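Here are a few exercises to work through with the model open. Try each one before you read the solution.

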Amino acid sequence: MKTTTSFSHVHQLKGIDNSAGTADVSQPLVTFTARTVSGGQEFQIIYNAPHSTQADYLFKCDLADFLGQWVSVEETVKCDTEGSYSVVIRRCSDGKVLATLTDVKRNLWRDGTTGIRPKWGLYRSFGEKRSNASQLRDETLQFADFYVGHK
């Protein structure tokens, strides 16, 4: 997978706008992204507080362990102003834990939203005037066996 210093998001938790279009939905709550950094490529889990553009990097690791591999992701979110976030990502081939966060306390709600929705896919920045386009290529991500539930 080719990445840039901008972003290649593969998962986000985002607020759902209200009928008046006034909810705080410009930034996702939580994002999984792949990014080029000095020294290589990183997988990052990022939190954005309400009404903020300041990223809080909850987790970072080398992207190499993920590339070409199936991973299992168990994500638990309490969507509330006094919310919590947990995730475990395991490589399926050998069970190695690649990322783990346990009960991270954060505001996991957006003002005026009607709910929180997950997004999966590949969302990339091609840069201003497509300046990053030559660094990227078509990529394939596969997703399977989803379960979304509530307690």
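**Exercise 1.** Which residue in β7 is the bridge partner of valine 88?

Before the solution, some ground rules. This is a predicted model, where local features need pLDDT of at least 70 and side-chain atom pairs count only at pLDDT 80 or more, while totals for chains, interfaces and linings use all residues. Residues are numbered from 1 along each chain as its sequence is written, and side-chain values use heavy atoms, with hydrogens and water left out.

*Solution.* Start with the strands, which are DSSP runs of E with at least two residues, numbered from the N terminus. Strands pair if DSSP finds at least two bridges between them; here β6 (residues 83-91) and β7 (residues 97-106) run antiparallel and share 7 bridges. Now look across from valine 88: its partner in β7 is threonine 100. Finally, check the connection: β6 and β7 make a hairpin with 5 residues between them, and glycine 95 in the turn has a positive phi of about 80 degrees.

**Exercise 2.** Find how tryptophan 120 and phenylalanine 146 pair, and say which parts the pair ties together.

*Solution.* Rings of Phe, Tyr and Trp (its six-membered ring) pair if their centres lie within 6.5 Å; planes under 30 degrees apart are stacked, over 60 edge-to-face, and the rest tilted. The structure holds 4 aromatic pairs. In this one the centres are 4.5 Å apart with 65 degrees between the planes, making it edge-to-face. Tryptophan 120 lies in strand β8 (residues 115-124) and phenylalanine 146 in the segment after β8, so the pair ties together parts 26 residues apart in sequence. Next, accessibility: buried is under 20% relative accessible area, exposed over 50%, and partly exposed in between (1.4 Å probe, protein chains only). Tryptophan 120 comes out partly exposed at 34%, and phenylalanine 146 is partly exposed at 45%. Elsewhere, Phe32, Phe43 and Phe66 form one aromatic cluster.

**Exercise 3.** Work out which ring lies under the charged end of lysine 60.

*Solution.* The test is NZ of Lys or CZ of Arg within 6 Å of the ring centre and within 35 degrees of the ring normal. Lysine 60 sits over tyrosine 57, 4.5 Å from the ring centre. Arginine 106 does likewise over tyrosine 47, at 5.6 Å.

Notes:
Helix = DSSP H or I, 4+ residues; strand = E, 2+ residues; numbered from the N terminus.
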